[in-house]
Amino acid sequence: MYFELSEEHLMIRQAARDFAQTELKPGVIERDEHQKFPAEQVRKMGELGFLGMMVSPQYGGSGMDAISYVLVMEELSKIDASASVIVSVNNSLICYGLEKYANEAQKQKYLVPLARGEKIGAFCLSEPEAGSDATALTTTAIDMGDYYLLNGVKNWITNGGTASTYLVMAQTNPAKRHHGINTLIVEKGMEGFTVGAKENKMGIRGSDTHSLHFSDVKVPKENRIGEDGFGFKFAMNTLEGGRIGIAAQALGIASGAYELALNYAKERKAFGKTLADLQATQFKLADMATEIEASRLLCLKAAWLKDNDKPYAQASSMAKLYASQTAMKTTVEAVQIHGGYGFVKEYHVERLMRDAKITQIYEGTSEIQRIVISREVLK
């Protein structure tokens, strides 16, 4: 077993850390306050290759591995989880799905600009009545011969207003249940496709989350990914990798809060000592450091399995489950260590605490992760 990062991995991590400190940190509180999408920062992340990290250079990507992706996600998420979720969705759910399952024409038309960061994508599975139960889709894609007629509503869509390319899961044959679902590539501007109001969220407020409405949208049949009825399998297989990204995001949120709490504890004095001299604080920091390290190893193991073409469904679910729990617990303790200062925006930890909660919900709730894990261990 070899636990050291390669020189290349260390350089990638440092580049992400430098970018987070110099480009993401300035203005992050204002973007959160006003729900401002980090457009300029996203453009720069595209130039650095962060939006198509694992895509082959043949299709405009950086050709990096999943371990590099975890390292970048952690560093970005320490500072701005709103920016990192854009990276996660574009890499894990959009670029990965297109590179693995799309045909050559689809890759050239859609994957290349997405991997280069010239455009960003959105993954459209959730609906008002279909969240964790992804088989209950009511959005329909009726086969009309050379095109599908798309009707329905999608909810909680990250990049909903700023994406150019949308991967939409819709039901074509209800009698076949999940075997009747297809994934269609929908472009912004198609007639009948409208973007709903931006959601006013508790956390990751810089990320734009919208509902999407489809009314008799004509989607060419060449925009279907895979064979007829492949859509549900496409979504589930893609989400397995997506959980690594969200696990790394949760890890980064926890790491960021821990670093802030550690530094504050060394500086803040109470009862004639620094907080770091008090055993109550020391024990909090010890628990935080241990749980963060455990989360990091789970994330890296899942990424290693993916890089080595080994089954990683259980590992990615374990990583997401544990890292998201760690993010929530660590950020709450970081606020506690800061005391009253932790309750105000300028110290950052209250925002990290708000951002942490969503990691237990999206791309599969903690309850769904336990279902996945239990199925694997009971095989």
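Tyr101, Phe230 and Phe234 form one aromatic cluster in this predicted model. Across the whole structure, a search returns 8 aromatic pairs. In the pair of tyrosine 341 and tyrosine 347, the ring centres are 5.2 Å apart and the planes meet at 50 degrees, so the pair is classed as tilted. An angle under 30 degrees would count as stacked and one over 60 as edge-to-face. Both tyrosines were also assigned a solvent accessibility: tyrosine 341 is partly exposed at 37% relative accessibility, and tyrosine 347 is likewise partly exposed, with a relative accessible area of 26%.

An aromatic ring also takes part in a contact with a charged group. The charged end of lysine 221 is placed over the ring of tyrosine 148, at 5.2 Å from the ring centre.

Backbone geometry was examined next. Most residues other than glycine have a negative phi. Tryptophan 156, although not a glycine, has a positive phi of about 60 degrees. This tryptophan 156 lies in strand β3, which spans residues 147–158. Its relative accessible area is 53%, and tryptophan 156 is therefore exposed, the threshold for that class being over 50%.

A positive phi, of about 55 degrees, is also found at glutamate 363, again not a glycine. Glutamate 363 is located in the loop that runs between α10 (349–358) and α11 (366–377). With a relative accessible area of 13%, glutamate 363 is buried, since that class covers values under 20%.

Technical notes:
Residues are numbered from 1 along each chain as its sequence is written. This is a predicted model: local features need pLDDT of at least 70, side-chain atom pairs count only at pLDDT 80 or more; totals for chains, interfaces and linings use all residues. Side-chain values use heavy atoms; hydrogens and water are left out. Helices (H or I, at least four residues) and strands (E, at least two) are DSSP runs, numbered from the N terminus. Buried means under 20% relative accessible area, exposed over 50%, partly exposed in between (1.4 Å probe, protein chains only). Rings of Phe, Tyr and Trp (its six-membered ring) pair if their centres lie within 6.5 Å; planes under 30 degrees apart count as stacked, over 60 as edge-to-face and the rest as tilted. A charge sits over a ring if NZ of Lys or CZ of Arg is within 6 Å of the ring centre and within 35 degrees of the ring normal.
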